Structures are given as structure tokens and as C-alpha cells.
Amino acid sequence: MDSPIFELPTPPGPHHEETAQSVREDLAAAYRLIAHFGMTDTVYTHLSARLPGPGNRFLVNPYGLLFEEITASSLVEVDANGEPAQETRWPVNPAGFVIHSALHMGRPDAHCVMHTHTLAGMTVAAQQGGLLPLNQISMEFLDQVALHDYEGVADDDNLSERDRLVRDLGPSRHCMILRTHGLLTVGATVAEAFYWMYYLEQACRIQVSAQSTGAPLSIPSEAVQRRTMAQFTHGPDHGWLVWQALRRKMDREQPDYRL
């Protein structure tokens, strides 16, 4: 019997104009992918995205659902304070939205904010040296990773921390290590924020793995680090091609994320 012929997918076209439904589907896919790649903390941590149109309207996960259970329609629309702006059967955790709201409001380009508590991310967040340039993946993050000192659990009792989060991230960086806490990325799209989070996580995993061997670490010269960083191209559609491939994966394996 002849083997089935694998048909290559159609190459993706130019980035489409976002609608409320397309943002819902992108964010739901991101939740599923975070679960798929082992980057969850049960029902804790959040990914959020700004809805297109006037006003400050955002999507966030209903509190209590595992990331693998998130669908486009289950995402809850909230205001800048994390309060639900639609009817929902599940609670929303406004305190969990404090970090997200600070960056959404303080960085106009931060349409998507992702925050994780992974083992590798929290391990690097516990180290004085932060992210080390141990691999070419790590070197893309040169000048991209901000550091924010721990101030306790982020909640409405310390709203002044919002200003410091925005200050520490700065006007153009896409990544932040929250000391004693975890990782955070922002992007103009879900695709861009996910790209940064996936590869920041990989860089942290490489670092923890290399450190665990006990062997001396090999760190390239500053000149090589700068040259390597410059070889990565960043633009308004950064991560979009990768994102199309990941969306196809979700369409094949977990198509119910679109519901």
C-alpha cells in the first residue's frame, strides 16, 4: 500500500488585521501552548491581551481553569483594574492582573503580557547574575531583559509597584526577570510575546542545565555577544512565522481552543 503523501501547508500571508475574535483565538492558543511546553503553575499566573477598539479592555483567564482547558470563549473581558466587564460563571483574580495592568497601561505597545512561574525561570530569578550569555539563544536577549526586585506578592495593597514595574522594563525591552518570582514578556501581539517567552524559558533551561554539570561555564567575549545579538532580526511581525506553525499544531492536536 502506498504511503500517504504529506502535503506542505500553504505559506502564511501578510499579518492580518486583528479582531476581537482573532485575539481571543490567539490568546487561547497561547494558554494551550504554555501548558503543552510545561510552563504552567496549575491555575496561577496569567496571559493577557488588549482587545482592539476604543477604551481599555483586556482578556484574561478565568480563575480556576487549567491552561489546557482555556478556550477562546472562556476568556474573560476585564477593565484596567481587572474587574470583569462581561458576565462570567468563573471568578477573575483582580490581584493577579496588577502586574499586567501596569504594563498594559504604562507601555502602549504592550498589547500582550505573559507571566510564568517555571522551575527554570524561577531558578534564574533567584540568581544574582540573572540571565547569562551561555548560548546563541541566550544572546538574543542581550539588552532585552530587565530586572525587577521582589516586593512581595503583587496585589492592590502595593499599587505603587506598578510605576516601578514600568520603569524597570523601560520603553523598549520585551522581557523581565522578576527576582524571587518568575519571568515576564510583552509584545505588540500574542505572537511576539509568546516568541519572547518561549525562548526566554529555553535560555533559562540551558543556563540551569549548564550550571548543574559543575563544569566551568564558557562565556563568549562581549564582541561576539554583540555580533550575535545583531544577527537576530526584530520587527513588527517578530515571532509571527513561528506563531503560524504553532497555531497549525494546535489546530491539528487541540482544535477546541477556538471554541
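**Ground rules.** I number residues from 1 along each chain as its sequence is written, and I use heavy atoms for side-chain values, leaving out hydrogens and water. As the model is predicted, local features need pLDDT of at least 70 and side-chain atom pairs count only at pLDDT 80 or more, while totals for chains, interfaces and linings use all residues.

**Helix 6 and helix 8.** I looked up helix 6 (residues 190-212) and helix 8 (residues 240-253), which pack at about 90° with their axes 9 Å apart. Helices here are DSSP runs of H or I with at least four residues, strands are E runs of at least two, and both are numbered from the N terminus. Axes are lines fitted to C-alpha atoms, for helices over the stretch in contact, and angles run from 0 to 180 degrees between N-to-C directions. The two helices are therefore roughly perpendicular (65 to 115 degrees). In the contact (heavy atoms within 4.5 Å), Val190, Ala191, Phe194 and Tyr195 of helix 6 meet Trp240, Val242, Trp243 and Leu246 of helix 8. I note eight nonpolar residues there, no polar and no charged. Ala, Val, Leu, Ile, Met, Phe, Trp, Tyr, Cys and Pro count as nonpolar, Asp, Glu, Lys and Arg as charged, and the others, Gly among them, as polar.

**Helix 1 and helix 8.** I found that helix 1 (residues 20-36) crosses helix 8 at roughly 80°, the axes coming within 10 Å. Helix 1 is thus roughly perpendicular to helix 8. Residues in this contact include Glu25, Asp26 and Arg32 of helix 1 and Arg247, Lys249 and Glu253 of helix 8. The contact divides into six nonpolar, one polar and six charged residues.

**Salt bridges.** I recorded 14 salt bridges (a side-chain nitrogen of Lys or Arg within 4 Å of a carboxyl oxygen of Asp or Glu). One joins Glu77 and Arg57 at 3.5 Å, N to O. Glu77 lies in strand 3 (residues 76-78) and Arg57 in the loop between strand 1 (47-50) and strand 2 (58-60), 20 residues apart.

Methods:
Angles under 35 degrees count as roughly parallel, over 145 as roughly antiparallel, 65 to 115 as roughly perpendicular and the rest as oblique.
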